[in-house]
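Hi,

Here is the structure I promised to pass on to you. Please have a look at it before you read my notes.

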Amino acid sequence: MSQLVFCRGCGTEIHESALACPKCGAQQSQKTDTNSNWIVAVLLCFFLGFIGAHRFYTGRIGLGIAQLLTLGGLGLWTLIDFILLLCGKLKDSEGNYIKN
Ligand SMILES: [Zn+2]
């Protein structure tokens with residue numbers, strides 16, 4: 001069963017997965033809420049970031065494994081992720097920003 005939403009630009013019914021309206025071309029907003037809890041991600045990154053725990057938590061398994069194997073890029077990668085998280089600039093597996 002297809003889910004229909006209304007275009008933000010012209011109001012035409014379009015499929016919810018459409019990135020842009022086929023009629024007027026307006027960019028459609030992606031789902032803005034994420035399943036990941038910001039504070040949980042922050043705590044995981046702070047305490048277990050060196051094994052990529054925050055990446056596993058936010059569904060980015062590939063990056064999590066990479067961080068696990070490199071010990072979070074010897075801490076540097078984890079540090080960058082931590083700063084991005086605090087700024088609300090880290091994305092989960094669906095491309096949504098994880099924010100407070
Ligand atoms: Zn439209």
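This is a predicted model: local features need pLDDT of at least 70, side-chain atom pairs count only at pLDDT 80 or more; totals for chains, interfaces and linings use all residues.

Let me begin with the zinc ion. Its protein donors are the SG atoms of Cys7, Cys10, Cys21 and Cys24, at 2.2 to 2.3 Å from the metal. Along the chain, these donors follow the spacing C-x2-C-x10-C-x2-C. Two of them, Cys7 and Cys21, link distant parts of the chain and are 14 residues apart. Cys7 belongs to the loop between strand S1 (4-6) and strand S2 (13-15), while Cys21 sits in the loop between S2 and helix H1 (38-48).

What arrangement do the four donor atoms make around the zinc ion? It is tetrahedral, because the angles they subtend run from 104 to 115°. For reference, the ideal angle for four tetrahedral donors is 109.5 degrees.

As for accessibility, Cys7 has a relative value of 6% and so counts as buried. Cys21, with 4%, is likewise buried. The cut-off for that label is under 20% relative accessible area.

The other thing I noted concerns helix H3 (residues 61-74), where Leu71 is found. Leu71 is not a glycine, yet its phi is positive, at about 50°. Leu74 also lies in helix H3, and this non-glycine residue has a positive phi of about 55°. With a relative accessible area of 46%, Leu71 is partly exposed, whereas Leu74 is exposed, at 77%.

Best wishes

Notes: Residues are numbered from 1 along each chain as its sequence is written. Side-chain values use heavy atoms; hydrogens and water are left out. Donors are N, O and S atoms within 2.8 Å of the metal (3.2 Å for Na, K and Ca); water is not among the atoms, so sites may look incomplete. Four donors count as tetrahedral if all angles lie between 85 and 135 degrees; four count as square planar and six as octahedral if opposite donors are over 155 degrees apart and all others between 65 and 115; anything else is irregular. Helices (H or I, at least four residues) and strands (E, at least two) are DSSP runs, numbered from the N terminus. Buried means under 20% relative accessible area, exposed over 50%, partly exposed in between (1.4 Å probe, protein chains only).
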